[in-house]
Amino acid sequence: VDAMGYLRLVEHPVAGHIREPVPAASFSATPLDQTTPAPELGQHSDAVLAELGYDEPARSAMRAAGALG
């Protein structure tokens, strides 16, 4: 897999250098430039839950119960 160029080495802020798969498709008119690393567990939980309508007390309760990573 690595020899065929299906993996690339990227710098992750927590994990350091990691190998991750390259995009499966490539389109000349809309090139994909993935410059951000994969999110950490729970990194976007607050934003997603807020967008779904959960207020801060509800999100805090979920966090206290260990439901958020």
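The model is predicted: local features need pLDDT of at least 70, side-chain atom pairs count only at pLDDT 80 or more, and totals for chains, interfaces and linings use all residues. Residues are numbered from 1 along each chain as its sequence is written, and side-chain values use heavy atoms, with hydrogens and water left out. The protein chain holds 2 helices and 2 strands, where helices (H or I, at least four residues) and strands (E, at least two) are DSSP runs numbered from the N terminus. Along the sequence these elements follow the pattern β-β-α-α. The radius of gyration of the protein chain is 17 Å, well over the 11 Å that the globule rule gives for 69 residues, so the chain is more spread out than a compact globule. That radius is taken over C-alpha atoms, and the globule rule is 2.2 Å times the number of residues to the power 0.38.

**Overall shape and surface**

- Taken along the principal axes, the C-alpha atoms of the protein chain fill a box of roughly 50 × 30 × 15 Å.
- Of the 69 residues in the protein chain, 12% are buried; buried means under 20% relative accessible area, exposed over 50%, and partly exposed in between (1.4 Å probe, protein chains only).
- The accessible surface of the protein chain is about 5600 Å², and 59% of this belongs to carbon and sulfur atoms. Accessible areas come from the Shrake-Rupley method with a 1.4 Å probe, and for residues only the protein chains shown count as cover.
- Among contacts in the protein chain with a separation of 6 or more, 20% are between residues 24 or more positions apart; contact means heavy atoms within 4.5 Å.

**The start of the chain**

- V1 lies in the segment before β1 (7-12), and V1 counts as exposed because its relative accessibility is 66%.
- Together with M4 and Y6, V1 forms a nonpolar patch on the surface, with about 370 Å² of accessible area in total. Patches are made of residues with over 30% relative accessible area and no salt bridge; like charges are joined within 9 Å, and nonpolar side chains (Val, Leu, Ile, Met, Phe, Trp, Tyr) within 5 Å.

**The strand pair and E20**

- E20 is placed in strand β2 (residues 16-21), and its relative accessible area of 14% makes E20 buried.
- A salt bridge joins the side chains of E20 and R8 (3.0 Å, N to O). E20 lies in strand β2 and R8 in strand β1, so this pair ties together parts that are 12 residues apart in sequence.
- R8 is partly exposed, with a relative accessible area of 24%.

**Salt bridges between the helices**

- Side chains of opposite charge can pair when their charged atoms come close. A salt bridge here is a side-chain nitrogen of Lys or Arg within 4 Å of a carboxyl oxygen of Asp or Glu, and by this rule the count comes to 5 salt bridges.
- D46 forms a salt bridge with R59, with the closest N and O atoms 3.3 Å apart. This pair links distant parts of the chain, 13 residues apart, with D46 in helix α1 (residues 45-51) and R59 in helix α2 (residues 56-64).
- D46 is partly exposed at 33% relative accessibility, whereas R59 is buried with a relative accessible area of 11%.
- The side chains of D46 and R63 also meet in a salt bridge (2.5 Å, N to O). D46 lies in helix α1 and R63 in helix α2, so the pair ties together parts that are 17 residues apart in sequence.
- R63 counts as partly exposed, at 37% relative accessibility. Salt bridges that share partners join D46, E56, R59 and R63 into one network.

**The ends of α2**

- At the start of α2, a side-chain oxygen of D55 reaches to within 3.0 Å of the backbone nitrogen of A58.
- Just after α2, G66 takes a positive phi of about 85 degrees.

**The loop between β2 and α1**

- P23 is placed in the loop between β2 and α1, and P23 counts as partly exposed at 37% relative accessibility.
- P23 and S60 are 37 residues apart in sequence, and their C-alpha atoms are 36 Å apart in space.

Note on methods
Polar contact = N/O pair within 3.5 Å; in protein donor to acceptor, adjacent residues only side chain to side chain.
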